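Subject: Predicted complex, handover and notes

Hello,

Here is the structure I said I would pass on.

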Amino acid sequence: MSLLELDGVKVHFPIKKGVLFDRTVGHVYAVDGVSLKVEAGETYGLVGESGCGKTTLGRSVLRLVDITEGSVVLDGTDLAKLPNEEMRRFRRRLQMVFQDPLGSLNPRQNIESILSEGMVAHGIGKNQEERREKIKAILERVGLPSNALARYPHEFSGGQRQRIGIARALVLEPDVIICDEPVSALDVSIQAQVVNLLEELQEELGLTYLVIAHDLAVVRHISDVIGVMYLGSLVEEAPSDTLYAEPKHPYTKALMSAVPVPDPEVEDRRERILLTGDLPSPANPPTGCRFHTRCPWAQAEKCATERPELKDVGGGHRVACHYTAEIASGELAPTRPTGIEAVTETEDALVKPAEGEAEVPAALLPADSTTKPDAPAVKEKVPAAAETPGDPAADAVAKDQDAATPEASGKGPAGTD
Amino acid sequence: MSVATKSEKIQRLAELTATKETGTGASLWREAFRRLKRSKMAIIGAIIISLFVVLAIVGPYIAPHAATAQAWRGEVFPNRGEFVGPRGENWFGLDHLGRDMFSRMLIGARQTLLVGIIATMIGLVTGFLIGGISGAAATLGGDAGKRIDSVIMRFIDMLLAMPSLLLAVSIAAIMGQSLTTVMIAVGVVQIPVFARLLRGSMLAQGGADYVLAAKSLGVRKRRIVVSQIIPNSLSPVIVQATLSLATAIIEAAALSYLGLGNPDPAIPEWGVMLTQAQRFFDNAPLMALYPAVGIIITALGFTLFGEAMREALDPKLRG
């Protein structure tokens, strides 16, 4: 049995309106049915673009947000059903490292006070002396000087602050640490240090991590298993190397194709899948497959009506797509322009925007402008793509791109009009 | 040579970091205090305030004459418009009943300060309790807490909707004419200000990451409020309290001016003195000038200090 098991977790936030008495007018489906298992001593990486619900999922494990439905089982105990006081005591076993190192530390408490807060709450250590000894040992372990005790968070650098955040989680000797974007607020050089520290601590203390991040390189580096989230649910889950080597879900393919390659020649020629439209609103998610409004391989039947389940396709690789096999075998051709051909053939025109986008893995920009100028068959599909939600925004982005690509500028808007 | 300079540089860098790493840390309060000490405004304000406080404490003892002594009654004729201005024996002259103005000013300082402090304390303590309960309920109490907060805040809105002077006058009308009434009336008017300020500040802090972090650590709710949210919500309340001292003194003077102050002649108060002086303003403007200037200078002192505190505590200046 896995250490941490999530089964059908849903977190729906009510949207409330009203002057005197609030009434619920709808829900934001932040997390909508996620099931995953984290093995003891493993690192589970959760990736996805901004707003896909990965942070909410992380918080729901600690019950920092209310779980609407489903169960979170840690070592045989269903946290979703625990009474509040028991949940509070259970938090000792589940800790969290936050994204913003400064914001997550109380500016009016010194380091000793910050680190002993949790110990006091759980009755660890008989007196302040005993707690101080423990804090000193942990500070040393995470690479902070012991004279840090009397100092305040604003007196430390970003990397040091994140170490304090990690130390705060460690003093409680938890089983699982949820790292919510642990390094995204840090400089790249500091990122490596913190990631290495997390790995060392895992080896030494046998910790289990649930790492939430949008940086694909970081996630790949530290994760054993990776789950890809899109609009509140998992679309694909696989051991880290497998996922990067052969992504099967169309969304994962697009996500992976956004990672820049350090070799300029390969970078010029590599295939890129550019998605159309924006992330749909989680308050009004599309029917059927959540991704069908932007999927290059979307089919007329099934995709818009039936929600695909995560299915094991072998080797612990789970994919939530009706047509996994067909897409993999090439049997199904993309029904929307993907930008693949454009990238390979009209290199000059596309080098500029490609460079600009490469830095933002989650920015899966619309592909309207990148349609190959001399491919009328593909171009006719553009109006269909424009029917997706978030259409005006997509058009605006498309026009920006047109301006940047002189060759396409004449054709792009003509195709859309 | 370049190697030498490089190693020197490293040496210096090591020294710099070493000095930075020794010693205790500077809390935000201490840094705010350091900024306050550097502010000219704060120093001027502090000097005025301390002079006023010293005066309030020792005033009655150093006053050359008693507050009710009418030794020069025969020299003042209000009906004929004959008054006595400043002279060697009576530095500030005499009032309409032939009492020494200078002595009355000295003795009155204590009452004026007491009115300011007690009225502000009434407002601060009550407002703090109401705002604290409301803020705590709204941030950590869940849906039920939000409802409690809503009810409390509508009540506070009601208080806030009433014109403050009208509210004070009605309280004074109910409770009768005395200094206590003035203090309570002025204090009650301040309650909604403090309550709203603390609640708003707590709501802003309640969503902060460190509160979430404390929750995830398993810290009890009561402790989160006391040790995490409230210490971070205090700054604006402290500033408001300092500024309120100034307005409380002015408002108390205003109420006294309307005739709601203490009528006891043995306990002079600047606001009451101002009221009495206005009847003879045509013939003896100086009689009104002394208490008025006294009130203005004290209020200015508190305002200057309060403004300086606001700047010192402003987290945006945190470097």
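Residues are numbered from 1 along each chain as its sequence is written, and chains are lettered from A and ligands numbered from 1 in the order in which they are written.

Confidence. The predictor gives the complex an ipTM of 0.74 and a pTM of 0.75. Within chain B, helix 1 (residues 2-21) has the lowest confidence, a mean of 59, and helix 8 (residues 209-217) has the highest, 90.

Chain A overall. Chain A contains 18 helices and twelve strands; these are DSSP runs numbered from the N terminus, helices being H or I of at least four residues and strands E of at least two. Of its 417 residues, 46% are buried, where buried means that 20 or more other C-beta atoms lie within 10 Å of the residue's own, with C-beta atoms placed from the backbone. Counting contacts in chain A between residues at least 6 apart in sequence, 68% join residues at least 24 apart; a contact requires C-beta atoms, placed from the backbone, within 7 Å.

The sheet. Eight strands of chain A form an open sheet with mixed pairing, in the order 6-7-8-3-9-10-12-11; strands pair if DSSP finds at least two bridges between them. Its edges are strand 6 (94-97) and strand 11 (311-312) of chain A, each pairing on one side only. Helix 5 (residues 158-170) of chain A packs on the sheet, where it touches strand 6 and strand 7 (176-180), and its direction makes about 175° with that of strand 6. Angles run from 0 to 180 degrees between N-to-C directions, with axes fitted to C-alpha atoms, for helices over the stretch in contact. Strand 3 (residues 43-47) and strand 8 (residues 208-212) of chain A pair in the parallel sense over four bridges. Thr43(A) has Tyr209(A) in strand 8 as its bridge partner.

Helix 9. Helix 9 (residues 250-257) of chain A lies across strand 9 (225-230) and strand 10 (233-239), at about 105° to strand 9. Seven of the eight residues of helix 9 are buried, among them Pro250(A), Tyr251(A) and Lys253(A). Their cover includes strand 9, strand 10, helix 8 (240-245) and helix 11 (324-329) of chain A.

Domains. In chain A, 15 residues of domain 1 are in contact with 13 residues of domain 2. On the domain 1 side, strand 2 (23-38) of chain A gives the most, with six residues.

Chain A with chain B. This contact takes 28 residues from chain A and 23 residues from chain B. On the chain A side, helix 2 (84-90), strand 6 and helix 3 (111-121) each supply at least two residues, and helix 3 gives the most, with three. That side divides into ten nonpolar, nine polar and nine charged residues. Here Ala, Val, Leu, Ile, Met, Phe, Trp, Tyr, Cys and Pro are nonpolar, Asp, Glu, Lys and Arg are charged, and the others, Gly among them, are polar.

Regards

Technical notes:
Predicted model: local features only at pLDDT ≥ 70, side-chain atom pairs only at ≥ 80, totals over all residues. Contact = placed C-beta atoms within 7 Å. Buried ≥ 20, exposed ≤ 12 C-beta atoms within 10 Å, placed from the backbone. pLDDT = per-residue confidence, 0-100.
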